[in-house]
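Student: Hi! Could we go through this one together? I'd like to know how to read it.

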Amino acid sequence: METLIYDCVQSSLRHFLPRNAIFLCERLCAEFPSELNLQLLASCYLNNNQAYCAYHILKGTQLAQSRYLFAIACLQMDLYSEAEAALCPTNESTAEVPNGAAGHYLLGLIYRYTDRRKSAVDHFKQALSIDPLLWAAYEELCILGAAEEANDVFGEAAALCIQQQYVHQNLQTLNEDNGIVSCKTIGLNDSSARQMRHSHGNLREIPYNHHGAVIGGVPGGQPLNGGSSLYSTPSPMISQLSAAAPPPLFRKEQPNPNTLGGESSPRSVVNSTVQAPRRKFLDEGKLRKVSGRLFADSGPRRSTRLAAEMAAGTNLNTTHVGANGTSHSSTKYLGGFSSSSRLSSAQIRSVTLRKGGSWASESFEEGRRSEAFDDARLDTTATTSVASSSGDDRAVEHERTIMPMTGVTASCSRGISGVLEVLRLLRTLGEGYRLSCMYRCQDALDVYRKLSSKQYNTGWVLSQVGKAYFEMVDYLESEHAFTLARRASPYSLEGMDIYSTVLFHLKEEMKLSYLAQELISTDRLAPQSWCAMGNCYSLQKDHETALKNFQRAVNLNSTFAYAHTLCGHEYVALEDYENGIKSYQSALRIDTRHYNSWYGLGMIYLRQEKFEFAEHHFRKAYQINPRSSVIMCYLGTSLHALKRSEEALEMIDKAIVADKKNPLPMYQKANILVSLERYDEALADLEELKEYAPRESSVYAMMGRIYKRRNMHDKAMLHFGLALDLKPSTADVASIKSAIEKLHVPDDIDEDL
């Protein structure tokens with residue numbers, strides 16, 4: 001009953017029927033209460049987005065997997081201290097983190113969200129060292145600004161680690177499959193009395209798996225069946241095989257026209273037994289040497305050559321060993337079945353195949369007395385004739401020995417080649433993402449262009465391209481990239497919060513409204529959807545409604561830093577600076593490298609004329625993103641307010657070089673030059689600026705003020721009029737009209753007034 005319900009629960013989970021799985025699993029736990037069954041019930045609740053149920057079920061459990069599931073539930077409920085205690089019990093300082101790489105990744109997230117950056121970085125790096133394909137850990141390291149170059153992370157060491165895991169899993173799966181077949185086809189009592197006597201005295205060498213369980217259905221303390229299965233041999237551990245003479249060989253072959261109707265003599269059976277190539281078993285030390293040779297070079301040429309060498313080696317040596325046991329002579333190739341041989345080291349040395357020679361003629365007394373095998377236990381459609389010439393036997397057995405190991409070797413070779421291809425792809429994607437997080441956006445774009453067209457034209461990559469153009473303040477290219485991303489993955493919300501901000505800057509009201517409605521219809525519970533809706537209202541100057549939408553995004557995902565920042569922007573628009581500061585600080589608690597929040601804090605302090613605070617926060621933003629002309633411009637403005645004009649001009653010049661299309665740094669530079677009474681330089685910069693921003697009224701207004709100070713009233717009046725014609729804001733209109741009224745008033749008197 002327990003097994004049946006368990007299988008039904010697993011089937012429901014596989015078919016994404018969590019409610020049915022929960023119902024059945026509750027019955028299971030009621031009938032058979034155990035912590036393992038509670039784990040399954042908690043998994044059902046987690047699959048149904050009911051983390052609170054999993055939390056209460058697993059609270060106080062001790063098994064590693066239970067603690068891991070409990071930590072996931074706590075993480076989803078923002079209970080970081082309890083999640084940390086579950087993964088790292090304080091009373092068990094030596095306890096390992098459950099689930100290896102995944103457990104370390106969860107710990108990294110906990111430490112990141114609780115503002116312990118160094119510990120977070122350590123655990124993310126540890127997760128990557130265990131599982132180099134855990135991309136999410138590398139992504140977090142990039143966000144924290146602590147990622148190493150992708151070539152180092154996804155290099156040779158990662159290839160070696162993955163290859164070892166791949167081969168280990170391959171051979172373990174092969175062993176398990178063969179063990180299952182053996183269990184199904186050979187009973188516990190298939191051994192003859194002679195075989196039992198032969199195995200007696202060698203009980204300590206019966207192989208078990210690493211949990212102490214038996215292999216192939218043989219209980220602990222009983223000798224392993226010496227007979228062979230229909231399809232494969234059992235899978236013993238290497239270190240537990242020792243000097244036991246081989247049991248009698250029983251084979252089932254397809255009918256041979258040369259041998260039908262007759263039985264072979266004991267002598268012929270002995271010859272076929274002795275002359276058939278025997279597989280050798282290595283101890284673990286020799287296995288490590290084999291593994292070392294296998295992974296000494298991860299290049300594709302080495303892999304191809306290695307596969308050829310291994311295939312050739314099987315023609316000379318019949319020693320085939322895997323990470324957890326021997327290779328198995330599966331008979332799906334030849335239609336027969338093979339035997340398990342356990343030879344002592346002396347026997348292995350004596351039974352060798354010389355190139356061009358014949359097998360040594362050794363007779364095993366146990367092999368002379370073969371006993372009849374029960375045909376009814378085997379396939380009733382096949383005959384059991386074992387008589388054949390020694391040469392034919394040698395060839396058949398030799399092929400049976402070679403083919404499975406050749407298949408394993410070929411599979412390993414293909415696996416190694418696949419590993420190298422995956423790592424090559426991750427190196428490109430990882431380096432592009434790392435450079436993007438370091439705001440080296442042009443370099444990141446160059447890396448992404450190296451991808452194949454199939455990989456480049458995916459939603460994730462195109463979204464990253466759009467983000468890179470956004471950071472470069474190239475909104476048109478960014479919109480184009482995001483449009484392609486939407487076309488490639490219309491269901492994906494990756495980067496849609498940034499896309500909505502791009503449309504906000506481009507003042508594309510219709511596109512932004514359409515995007516917001518599409519995202520809401522796609523997923524109402526995604527923060528990106530409500531960020532897009534908030535940007536839509538903000539563009540319409542409805543800041544209160546925009547703020548409500550951004551707060552909804554925060555409530556849906558409290559760790560979504562950009563939603564906190566957008567809340568701060570709306571508070572600033574509403575001149576609620578206190579709450580604006582709180583929102584920006586909340587974003588920085590989640591992500592200390594979120595430079596938008598540092599910039600927002602700097603803008604608040606600049607408006608409040610707290611110039612030292614403003615300079616500090618702008619500089620923090622500049623350290624994170626040293627390529628943003630906007631940040632450099634406002635940092636220069638803060639320095640100028642602090643009477644550090646030369647430093648301010650130097651920073652402004654950097655901003656102009658960083659983005660020549662941005663008119664703001666040139667305008668601020670002209671403003672600083674005017675304050676330093678360097679009017680000619682200021683006019684030259686403003687004349688150049690008119691080429692970039694011909695419809696910017698503030699440029700003409702400043703030129704009018706400069707001409708007024710130089711007593712060039714006609715030109716001053718001309719530029720004031722041009723400024724008014726360009727429809728400036730209400731505040732600017734009042735300022736310009738006031739300047740026109742005082743056109744003939746000297747500046748020193750004007751300042752006194």
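Student: Are helix 1 and helix 2 roughly parallel or antiparallel to each other?

Tutor: Good place to begin, and keep in mind that this is a predicted model. The axes of helix 1 (residues 2-14) and helix 2 (residues 18-31) cross at roughly 160°. Angles over 145 degrees count as roughly antiparallel, so helix 1 and helix 2 are roughly antiparallel to each other.

Student: And within what distance do the axes of helix 1 and helix 2 come?

Tutor: Those axes come within 8 Å. The crossing of helix 1 past helix 2 is left-handed.

Student: Which residues meet there?

Tutor: From helix 1, the residues are E2, I5, Y6, C8, V9, S12 and L13. On the helix 2 side they meet N20, A21, L24, C25 and L28. By class, this contact of helix 1 with helix 2 has 9 nonpolar, 2 polar and 1 charged residues.

Student: Okay, stepping back. How many helices and strands does the protein have?

Tutor: There are 38 helices and 0 strands.

Student: What share of its residues count as buried?

Tutor: Of 753 residues, 49% count as buried. As for contacts with a separation of 6 or more, 62% of them are between residues 24 or more positions apart.

Student: New topic: what is the mean pLDDT of the protein?

Tutor: The mean is 75, with 65% of the residues reaching 70 or more.

Student: Over which residues is the pLDDT below 50?

Tutor: That is the case over residues 180-390. In the model this stretch has 332 contacts beyond near neighbours in sequence.

Student: Got it. Where does D78 lie, and what is its phi near?

Tutor: D78 sits in the loop between helix 5 (64-76) and helix 6 (80-87). Its phi is near 65°, a positive value in a residue other than glycine. Most residues other than glycine have a negative phi.

Student: What about the phi of E677?

Tutor: Phi of E677 is near 60°, again positive in a residue other than glycine. You'll find E677 in the loop between helix 33 (663-675) and helix 34 (679-692).

Student: Why does E677 count as exposed, and why does D78 count as partly exposed?

Tutor: E677 counts as exposed because its relative accessibility is 58%, and exposed means over 50%. D78 has 37% relative accessibility, so it counts as partly exposed.

Notes: Residues numbered from 1 in each chain as written. Predicted model: local features only at pLDDT ≥ 70, side-chain atom pairs only at ≥ 80, totals over all residues. Heavy atoms only, no water. Axes fitted to C-alpha atoms, helices over the stretch in contact; angles between N-to-C directions. Helix = DSSP H or I, 4+ residues; strand = E, 2+ residues; numbered from the N terminus. Parallel < 35°, antiparallel > 145°, perpendicular 65-115°, else oblique. Left-handed = near helix turned anticlockwise from the far one by under 90°. Contact = heavy atoms within 4.5 Å. Nonpolar A, V, L, I, M, F, W, Y, C, P; charged D, E, K, R; others polar. pLDDT = per-residue confidence, 0-100. Buried < 20%, exposed > 50% of the residue type's maximum accessible area, 1.4 Å probe, protein only.
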